[in-house]
Every structure is written in C-alpha cells, then in structure tokens.
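Please consult the sequence and the model while reading.

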Amino acid sequence: MKPIEMPTDETTLEELLSRPGDGVGEALAALGGDIVLLGAGGKIGPSMATMARRALDSVGSAARVIAVSRFSDPAGAQRLEEAGVHVHRADLAISESYPDLPDAAAVFYLAAMKFGTSAAEHQTWWSNAAIPVLVADRYRGVPTMVYSTGNVYPLTPVVGGGSVETDTPAPVGEYAQSALARERLFTNAAHRWDTPTTIYRLNYACELRYGVIADIAATMAAGDAVDVTMPAVNVAWQGDINSWALRSIGTAGVPPTVLNATGPETVSVRRIATLLGEEMGVEPTFTGAEAPDALLSDAGACHELFGYPTVQLRSLVRWVGRWVADGGRQLGKATKFQQREGKF
C-alpha cells in the first residue's frame, strides 16, 4: 500500500480527514435514505459529514447528508454546504427544536460536552444526559450511532491491554458519569422503541491540530516539561475514526452494540515525546512519575470489523511533530488526557 503523504496545509488536511475509507459508501447507501448528523458543528462533525457526502457520491447515492447544529460559526456551515452537505440550524438543548428536525434513515449522534465540565456541571449533565432523551424520542426506531468515550472505563494496568466492551464501566468524575448516563438512556430507548443502536466509545482521536499527540508537541514547543503521570495512551488518526464511525451504523442492534474505537498500540507518553523530539529537534523534558495504570481501551473488535488504521502511529507522530515545528495552527482545545481524577 502506498504511504499516505502528510498534509502540508489546512486544505489538504481537511481533504484527508474527510476522505472515505473502504466500505463507507456501501454501508451508508445500504441504509436506503437520508442520514442526519446531530451536533455536527464541533471538532468531529464537519469532517465526518463531508466524508459521508463523499462516500455516498462515490457509490452513486443521492441520499442527503444533513448536518444539524447551532452553527455559531457561519463559515463552517458554508464550507459544509459547498461540500454538498445540507445544513439544518437547531439548538438541540431546547425541546422546541425537535418537531422541525429532518426525518432520517439513520442518525449519528455527536453532541456532547466535555471541556469546562468542572466549572459547569449542570450544563454537562443537560448536554450529556437530557438531550439524549429528546433525541431518542424524536428518532424512535431509527438506526442510531451514539458517540461515547472510553472515559466510562476505569483506569487499568498498563500491562493488561486495556478495557474491552464487556468490562463493567466505572466512570471517574462527572463528565464520565454523564457520558455513561447518555449510554444508558440510549440503551433504554433501544429496548423501549426497538431502536437499533451502536455505542461508539472513543479515546483518543488525533489530527495535526488537535489530540493527545498535538498536546504533547505543543507542550514541548513551549519549552515545558511533559507530564508522564498518565503513562500511556491509545490514539488513532481522526480520518480512520470517522470511517469506522460511519461504518459502525451497520452493527446497530437491540440491545446496542458497543464498540471501542482507537488505535491498536498501547504507547507510552514518554515514547511519543521522544519521537516528537526527533522530528522537532527538541529534547523533551519530563515531570511526574509513571503510574502503573492508565485509561486504555482494546479496540480489537473494531479492527476485526473495519481493519487497522490507514495512518500508522509513527507516521501520525511524525506529521504532528512537523506541523507544530512549522507553526501550524492548533484548535486550542487540550484533551487533558493527563487527568486521572476525571476533572475536565
């Protein structure tokens, strides 16, 4: 397989993030109608919606891709429309929005709140636990993919390979607790209204402007020490995460199918920093002592279904290092992957 070339600007980066992987078009076309992405104005939604449109075009499907969000950034909505995505402006936090939401053959639920949780717990619970009730009621019986998080799992020993989908959740902190509440509410809706559902537990998606690797690179570029208290992570290229998420609608069932989504490696934070340093020409410094456990997930079931990442870990680290060294723009939202007490 020919290696994928590193994006050198934001235009080529966005193209690569929205490039459909194998099987995405077929999976979406099999739904037989329009697809709706709820909460599509955040970090993930625009590239995922654009990928869905490109994937359907590639198999000759005229089904619509409809992105739903408040779209506080008009330029973001315009870019989606230019890509052929239909834009529907709505505030999912208010019940009055729901009668006007478009019908769909499938729903991808992306809305969530993580950042600022510690300062606004009431908003976090409304976003992560109240909105799902409104969504599930509006789309009774419609196949639904629900974005969730690996934070619903406890920390596990670094040598253990990470949590699997059948492990008992043990969320730490209010963000993780509210994320588990979101899962439980969609699960109840699946049973109550026979709604085929996939719960997609992610940690962590990375691109050049955002993610664990970018966080570490930015820390090093600022001349600060890298915290290794959280000793290891799982990461994967955001484009692969998008492809797997779209294809995962084909696994939706009652009870819901749960899928972990991340890369296959358990990689040490110290190792990521060392590899970044080689690319950036920076000698990393470290703070803290590695704990024996970390937030880790085993995504073997996802890889068995959809294949391994198309952008390998070494390539991704090299790309991020070069991007940051060259002064590439960052999204400015730290993952706070170092957090061991669930305070985001």
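A polar contact is a pair of N or O atoms within 3.5 Å; within protein, one must be able to donate a hydrogen and the other to accept it, and residues adjacent in sequence count only if both atoms are side-chain atoms. This is a predicted model, in which local features need pLDDT of at least 70, side-chain atom pairs count only at pLDDT 80 or more, and totals for chains, interfaces and linings use all residues. Residues are numbered from 1 along each chain as its sequence is written, and side-chain values use heavy atoms, with hydrogens and water left out.

Q: At what distance does the backbone oxygen of Leu17 lie from a polar atom of the side chain of Asn242?
A: Asn242 is found in helix 8, residues 238–247 (helices are DSSP runs of H or I with at least four residues, strands runs of E with at least two, numbered from the N terminus). Leu17 is among the residues that Asn242 touches, not counting residues up to four places away in sequence (contact means heavy atoms within 4.5 Å). From the backbone oxygen of Leu17 to a polar atom of the Asn242 side chain, the distance is 3.4 Å.

Q: Is Asn242 buried or exposed?
A: Buried means under 20% relative accessible area, exposed over 50%, and partly exposed in between, with a 1.4 Å probe and protein chains only. Because its relative accessibility is 0%, Asn242 counts as buried.

Q: Why does the pair of Glu10 and Arg209 tie together parts that are apart in sequence?
A: Glu10 and Arg209 form a salt bridge with their closest N and O atoms 2.7 Å apart (a side-chain nitrogen of Lys or Arg within 4 Å of a carboxyl oxygen of Asp or Glu). Glu10 lies in helix 1 (residues 10–17) and Arg209 in the loop between strand 8 (205–206) and helix 7 (212–221), so the parts tied together are 199 residues apart in sequence.

Q: Which residue forms a salt bridge with Glu14?
A: Glu14 is partly exposed, because its relative accessibility is 33%. The closest N and O atoms of the pair are 2.9 Å apart, and the partner of Glu14 is Arg209.

Q: With which side chain does Asp103 meet in a salt bridge?
A: Asp103 is exposed, with a relative accessible area of 58%. The N to O distance is 2.7 Å, and the partner of Asp103 is Arg138.
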